[in-house]
Amino acid sequence: MALAKKTKRDFPQDRIRNMGIIAHIDAGKTTTTERILFYTGKTYKIGDIDEGTTTTDWMEQEKERGITIVSAAVTTFWTPKNGPYKDQEIRINLIDTPGHVDFTVEVERSLRVLDGAVIVLDSASGVQSQTETVWRQADRYGVPLIAFANKMDVVGADFHGTIQSARDRLGANALAYNLPIGSENTFKGVVDLLTKKALVWQGDPSTGSLQASSGPSETGAKFVEEEIPSDMVLSVDEFRNKLIEEIAATDEGLLERYLNGEDIPVNDLKLALRKAVIAKKIIPVMAGSSLRNKGVQPMLDGVIEYLPSPQDISEVKGIDPKTGEELVRSQTKDAPFAGLAFKIQVDPHVGRLTYVRIYSGTLKSGSYVYNSTKQIKERAGRILLMHANDREEIDEAYAGEIVAVVGLKDTVTGDTLCDEGAPIVLESIQFAEPVISLAIEPKTKSDQEKLGLALQRLSEEDPTFRVKSNPETGQTIISGMGELHLEIIVDRMKREFKVEANVGQPQVAYKETLQKIATGEGKYIRQTGGRGQYGHCLLRIEPLPRGQGREFESEIVGGAIPREFIPAIEKGVIEKEDTGILAGFPVTDIRVVVYDGSFHDVDSSEIAFKIAGSLGLSDAAAKADMILLEPIMKVEVTTPEDFMGDLIGDLSAKRAQILGTEKRGNSEIINALVPLSELGGYITAIRSMSQGRATAYIEPSHYEPVPANIAQKIVESSGFTGRVES
Ligand code: GDP
């Protein structure tokens, strides 16, 4: 297995950046990614050429093949021309964060494994609703960010307004890191505030390439250093001072020097800013226009200078699977191996790829690894680095790296892989529960097997997509994060797996819960002839806060029920919770406590206690004021003003809670919380209500009780005989 020459083994950890790009849809994530791959791929492939110049040959070739960003993580290289890493090759692992509206959970998945991210903002719209969502997710995982104020060329672009909206809406300490030269159709470059260098991109800004997919134009990508335009000298000083003051405020030593009036060297400021970004105290904002090829290279330099390397995140925490105790691992290549599988993808050429972030130690190709989540051994047959247009096989991969592994069969997203001799389970990835489902069946009997395979493949790739078969009806039920999510899945099934299928109407994933504490008795006693059955338990059920899920506990002391039967009771309880009580929906936010019971020396068995558990739950639930919960979606409608009234009226008729409206650029934004059950076909509906001008962004928010009159109807049509309390 030959090593390709281009791989630098033992790449120093401080020269690795595991980064992602996060954004509101349409802010320019794809275009920016393309530009990054273009610029980095270029230096990587043709070596040391002048900044921004490209050989036509290469461009033609690239155009033919198209830059593909299909990998979950692309490895690429960038050599900064300035700054602390001047002329040193930096390895960037660009981790894909899906931009699709229904896939915010997937964003979360990727945030778990990257060390830093660029948040792309639309300079004409500022912070948008999905920006807030990805922002919160980045916060939850402590991911340091720098911001790229994209689309500085569009009408209404407002750099400082965008920064202000990040400060107001995100509560972020967002600060101008550079200033745009010109705006809208005169935008042509940026002034770096710390170095006071003006960078101006070549070519007439108003006629730059407008086709995002055709790649950057040769002239557009090239920039030169110029004098700071005379009308900007004052504002550069003003914003430079502001930036320096804020940087100094994060570092005691610097603050003293700053207050003493010392002229602090740029390198010291950069070092302090790097610390502040990693500590999430400052978000530097850089202006640009990806489409017009302006401002992208300085942003890349910003990634290198300010976003953390694996070295900045020195320790990784996990759990010892045997003792449940916390373990700490250092991110060095000599430590025992541990990594997290964060994405499964099926590659047409090499088959099933498992993307792994290595947190400690060394992974060798052909070796056996231990999946500590599933407690199985798997063979890591081959290890690949995925580049934008090709893949490269390597023998070993080290702590801090991101690789694709071929040969793992049973490992899924979120599993920990490690050295069997030093087992550890790393913090897994949280996935939201699906909120919508539909029945699916193949058009012809002969497609049954193909359908099963396709669904299995798709669910392996996407943990927010679930497949379940209903043994009673023989139907297959798929569920996901929204109508669009399921539509895309069904479409992929047709296109990629050539399965024709009939799909039912989407069904909202309701849940059931209780409103008060209740107790119940479950007795399963059969003592007629032969060996009898004896299971008996007393249960108490208690409501848990919304979103808490399920808990089960035993308070049995003194052997009222032998210990070995407690898991059987729990099994019966879970089965009943899954089946539902009121209307056939899973029960949630419930704690079940078994506090008493009895047994029989001969007749007691697991099966008897399991049935008793299930009966006990039904009995208690009957007294606990069960209600239905429904998924509530966060909806942001963007529309021209003319259609505002109609759209708000329509939302109000859908039981929406209108949170507010605001003006952004030329559009009006309506923010609302709307029950998912009212949103069937909503995107199509508002298109026709607005001559195709209104768009909506929808994502799951939380669960809330269904109003009693509506709940009553759902229960009646469910065929269950549950009672509804209001
Ligand atoms: P994504 O949804 O965040 O991936 O956004 P895309 O990269 O697909 O961009 C959305 C739209 O905005 C596309 O039509 C792009 O051509 C356009 N776009 C992206 N960046 C810029 C920019 O800097 N200036 C202008 N004028 N349009 C841009």
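The shell around the ligand is made up of 5 nonpolar, 7 polar and 4 charged residues. In this division Ala, Val, Leu, Ile, Met, Phe, Trp, Tyr, Cys and Pro count as nonpolar, Asp, Glu, Lys and Arg as charged, and the others, Gly among them, as polar. The model is a predicted one, in which local features need pLDDT of at least 70 and side-chain atom pairs count only at pLDDT 80 or more, while totals for chains, interfaces and linings use all residues. Residues are numbered from 1 along each chain as its sequence is written, and side-chain values use heavy atoms, with hydrogens and water left out.

In total, 16 residues surround the ligand, each with a heavy atom within 4 Å of it. The closest are D26, K29, T30, T31 and D153. Helix α1 (residues 29-46) supplies the largest share of this shell, with 3 residues. Helices (H or I, at least four residues) and strands (E, at least two) are DSSP runs, numbered from the N terminus.

Individual atom pairs show how the ligand is held in the model. An oxygen atom of the ligand lies 2.7 Å from a backbone N or O atom of K29, and a backbone N or O atom of S290 lies 3.2 Å from an oxygen atom of the ligand. A nitrogen atom of the ligand lies 2.7 Å from a polar side-chain atom of D153. The ligand taken alone exposes 570 Å², of which the protein buries 77%; such accessible areas come from the Shrake-Rupley method with a 1.4 Å probe, and for residues only the protein chains shown count as cover.

S289 lies in the loop between β11 (283-287) and α9 (296-306). Is this residue buried or exposed? S289 is buried, because its relative accessible area is 1%, and buried means under 20% (1.4 Å probe, protein chains only). Leaving aside neighbours within four places in sequence, S289 is in contact (heavy atoms within 4.5 Å) with F148, N150, K151, M152, D153, F187 and K294.

The protein chain as a whole has 16 helices and 38 strands. Of its 726 residues, 53% count as buried.

Conventions: A polar contact is a pair of N or O atoms within 3.5 Å; within protein, one must be able to donate a hydrogen and the other to accept it, and residues adjacent in sequence count only if both atoms are side-chain atoms. Buried means under 20% relative accessible area, exposed over 50%, partly exposed in between (1.4 Å probe, protein chains only).
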